[in-house]
Amino acid sequence: MELPDMDPNKRPRYESAQKPLKCPACAEPTVATVVYGLIDPEGWEKLRKKGHYVSGGCCVSDDNPTWSCSSCHVDIHRPFHGS
Ligand SMILES: [Zn+2]
């Protein structure tokens, strides 16, 4: 029996070499760059003037997404390139 592909743990992994103009999942132009580390309110003010940014928190793992859609919250990774 095939289950419908709605399991959030089985969502496809999206990758892009450059920041996508549109979200690969919902096609909204709301792809935001994920910023890691602590940023003060003044820093955020400057970033917001430049475009979409979201905070990725200060805990960085080996597999953090580079971008994230602010509409559907899908994560987009930059493909890994060896050296
Ligand atoms: Zn989306």
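In which loop does His52 lie? His52 is found in the loop between α1 (41–50) and β3. This report starts from the overall fold and returns to that residue later.

**Basis of the description**

Residues carry numbers from 1 along each chain, following the sequence as it is written. The model is predicted: local features need pLDDT of at least 70, side-chain atom pairs count only at pLDDT 80 or more, and totals for chains, interfaces and linings use all residues.

**Overall fold**

The protein chain contains 1 helix and 5 strands. Helices (H or I, at least four residues) and strands (E, at least two) are DSSP runs, numbered from the N terminus. Read from the N terminus, the order of elements is β-β-α-β-β-β. Of the 83 residues in the protein chain, 10% are buried. A residue is buried if 20 or more other C-beta atoms lie within 10 Å of its own, exposed if 12 or fewer, and partly exposed in between, with C-beta atoms placed from the backbone. Two residues are in contact if their C-beta atoms, placed from the backbone, lie within 7 Å. Among the contacts in the protein chain with a separation of 6 or more, 51% are between residues 24 or more positions apart.

**The sheet**

The 5 strands form an open sheet with mixed pairing, in the order β1-β5-β4-β2-β3. Because β1 (14–15) and β3 (53–55) stand at the edges with a single partner strand each, one side of each is left without a neighbour in the sheet. Two strands pair if DSSP finds at least two bridges between them. Strand β2 (residues 31–35) runs parallel to β3, and 3 bridges join them. The pairing of β2 with β4 is antiparallel and also has 3 bridges. Individual residues of β2 show how these pairings are made. Val34 has Val54 as its bridge partner in β3. Thr33 is bridged to Tyr53 in β3 and to Trp67 in β4.

**The helix and the crossover**

Together, β2, α1 and β3 make a right-handed β-α-β unit. A crossover is right-handed if, with the strands pointing away from the viewer, the path from the first strand over the helix to the second runs clockwise. Of the 10 residues of α1, the number buried is 0, so the helix lies largely in the open. Just after α1, Gly51 takes a positive phi of about 150°.

His52, in the loop that leads from α1 to β3, is partly exposed, with 17 other C-beta atoms within 10 Å. Apart from its neighbours within four places in sequence, His52 is in contact with Thr30, Val31, Ala32, Thr33 and Ser70. The C-alpha atoms of His52 and Thr30 are separated by 7.1 Å, although the two are 22 residues apart along the chain.

**The nonpolar core**

The largest nonpolar core has 7 residues: Cys23, Val31, Ala32, Tyr53, Trp67, Cys69 and Ile76. At least two residues of this core come from each of β2 and β4 (67–69). A nonpolar core is a set of buried Ala, Val, Leu, Ile, Met, Phe, Trp, Tyr and Cys residues joined through C-beta atoms within 7 Å. In soluble globular proteins, nonpolar side chains tend to be buried together.

Cys69, a core member, lies in strand β4. Cys69 counts as buried because 25 other C-beta atoms are within 10 Å. Not counting residues up to four places away in sequence, Cys69 touches Cys23, Ala25, Cys26, Glu28, Thr30, Val31 and Val74. Tyr53, also in the core, is in contact with Ala32, Thr33, Val35, Leu47 and Arg48, again leaving aside neighbours within four places in sequence.

**Residues outside the strands**

Most residues other than glycine have a negative phi. Ala27 has a positive phi, near 65°, and His73 also has a positive phi, of about 65°.

Ala27 and Cys69 are 42 residues apart in sequence and 9.5 Å apart in space, C-alpha to C-alpha.

Pro79 lies in the segment after β5 (75–77) and counts as exposed, with 8 C-beta neighbours inside 10 Å. Not counting residues up to four places away in sequence, Pro79 touches Glu15 and Ala17. Pro79 and Tyr14 are 65 residues apart in sequence, and their C-alpha atoms are 9.1 Å apart in space.
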